[in-house]
Amino acid sequence: MAKSFVKSAWIGVAALALSACGGEDADRRSGDGERTIELAEFPDRPYWGDTHLHTDNSVDAFGFGVRLGPEAALRFARGEEVTASTGGKAQLARPLDFLVISDHSDALGATRALFDAPRLAIVAMGDETVLRWYDMMHESPEQSQRAIAELITAAGNGTAPASLTDPEQQAERTSDVWNTHLETLDRFNEPGVFTAIAGFEYSLMPGGNNLHRVVMFRDGSDRTSQTVPYPGLTTTAEGLWDYMSAYAEATGGQALAIPHNSNLSNGLMFELTMPDGSPMTAEYARKRAAAEPVVEVTQIKGDSETHSFLSPNDEYAGFGDTGWELGNLPLTQATTDDMRAGSYVRDALKRGLTLEEQIGVNPYAFGMIGSTDSHTAFATGDEDNFWGKHTGNEPANEERALQPQNMGTRLGRFGWNYLAGGYAAAWARGNSRAEIFDAFKRREVYATTGPRMVVRMFGGFGFTESDWDNDWVRKGYESGVPMGGELADNGTSPSFMISAQKDPDGANLDRVQIVKGWVDAEGNAREKIYDVVWSDMEKRAKLGGKVPAVGDTVDREKATYTNDIGAAQLRAVWSDPDYAQGQRAFYYVRVLEIPTPRWTLFDAVRFGIELSDDAKADAVAQERAYSSPIWLKPAVAKALEAQ
């Protein structure tokens, strides 16, 4: 019995297991099988969540030391106090509204099962390698990490012991873990209060280049139990998109995929070609655009908005890049400058415009969100409450902020250069699976690096400052489109209503910017940053075309700041001064806070430690939000799409 249990726990070859049952569609107001909740006429507030969280069901998270499962993760996200794997009480200052637990589909629950098996059962297997890994996992957290690293490497190169790679047994194990997880989600899902969403991480990583996606479902267990997570040990993401289409066809449900950590893909996440290097086809671009409407632009392992090499005229480019621009995920290949355009979201948006001109379809017309990618079971993007990437970074480890950046090894990514973020904000009519998912699907979402600023954007033609005096939200929806929408060029400059409010419990705002990307008359993709509105505009007049720095109130000795500078709210109506008729373009909002302490500075004060010089230089940052873009399309292109 124990031997069979262990055998069933390894490599993720979970084949798609669907039964073709339809069932009637649930009341749209209810969230597909959920109880009915009252919905607002328009999306009335941003709902805050994390779509990228790992528990002890992830092969690497368990190996790193996490001993908390999905139930603890859900309790924490709902605002309850939870005891961390390394001890200590953890609790969010403010609960989240929704959560996607996205454990790795490969070897789902495998390391937990191996660890829990009796040692005699492992001995009886007669495999010295498996026994050595088992003993290492029980010896110490450090040895456990080494064992898991060896195990994952063996799985990736096809040399994992045969005693752990029985496909039939693994498929059975994956199904059992998945269905138990779905039952837990349904227990914690409370429409109108908290939304527990099914998902998993697809971990495609050719040559160590990060092409991972989080898959997120719209549905409850009546549909999601008809499938199992799709394995990441494949060659391209197209198989994942086909899996999602098959799920939708067989069940009547919906799923979407969210690329993440493109900054570690070494240029492969947003290519101009097919994966095999041939010219991209319209069919491939259309399939990708339908499957991946949003992208995770910021998280613990760095920020993927843009790199200073790609955006040399953007003084706020390169946020969170320190230590992450060195190579791919395991640092097996150094990143070169020619790779960067395929690794960062802003350039991907520009590439999408170029490809659309060439083949008629934009594969990279995505919205933007943030999430954590925490492997501790704690979904927290707060600088003063950061529980680390994994248990080795939890606050019980007083040295966690002091580990140096080591350019030749993976160790350099386990210290102060981690980001404590981010979060996803979804503009929805209510808090349910259907409403949150649909906000993602239509791209009415935005990203923050942790703070909960309220950011709203409408695009149209003819918006004026007087619109603020009336029902401006209704005006935005009825006379324009929200973030994530598209406008057909009508021969006049588009205008945008932009509103940003500070996090009620956080820092004031420095400025609101528009990032524009477009294709010029010669076919070249270009970008420009516009400062739209900023605090103390009378005192901070532009110098040399730039808005002066807002200032800095951070006390480095106490890890505190004051809101004596900045503004609680910024809003403006802005029209593109460089509009050209027929131009294909996108516009998104970037909101910057005033400088605040990073988690490393909070740690220095909390533990009474001295930060390294590199960590000191990076101990204060301007947190930010990124809206999803609004696209301006030539009228002819929009007309063709409508046909």
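Trainee: Is P46 buried or exposed?

Mentor: P46 counts as buried, because its relative accessibility is 7%. Buried means under 20% relative accessible area, exposed over 50%, and partly exposed in between, with a 1.4 Å probe and protein chains only. Please note that this is a predicted model: local features need pLDDT of at least 70, side-chain atom pairs count only at pLDDT 80 or more, and totals for chains, interfaces and linings use all residues. Residues are numbered from 1 along each chain as its sequence is written, and side-chain values use heavy atoms, with hydrogens and water left out.

Trainee: Which strand is P46 found in?

Mentor: P46 belongs to strand β1, residues 45-53. Strands (E, at least two residues) and helices (H or I, at least four) are DSSP runs, numbered from the N terminus.

Trainee: And what is P46 in contact with?

Mentor: Leaving aside neighbours within four places in sequence, P46 is in contact with D97, A425, A426, W427, Y446 and V454. Contact means heavy atoms within 4.5 Å.

Trainee: How does β1 pair with β12?

Mentor: The two strands run in the antiparallel sense over five bridges, and G49 stands opposite A424 in β12. Two strands pair if DSSP finds at least two bridges between them.

Trainee: Why is β12 described as largely enclosed?

Mentor: Six of the six residues of β12 (423-428) are buried, so the rest of the structure largely encloses this strand. Y423, A425 and W427 point one way, while A424, A426 and A428 point the other way.

Trainee: Which way does β13 run relative to β12?

Mentor: β13 (residues 445-448) is antiparallel to β12, with four bridges joining them. A425 stands opposite Y446 in β13.

Trainee: Changing topic, what is the strand order in the open sheet of three strands?

Mentor: The order is β10-β9-β11, with mixed pairing. β10 (302-303) and β11 (367-370) stand at the edges with a single partner strand each, so one side of each is left without a neighbour in the sheet. β9 (residues 294-299) and β11 run parallel, joined by four bridges, and V294 has G367 in β11 as its bridge partner.
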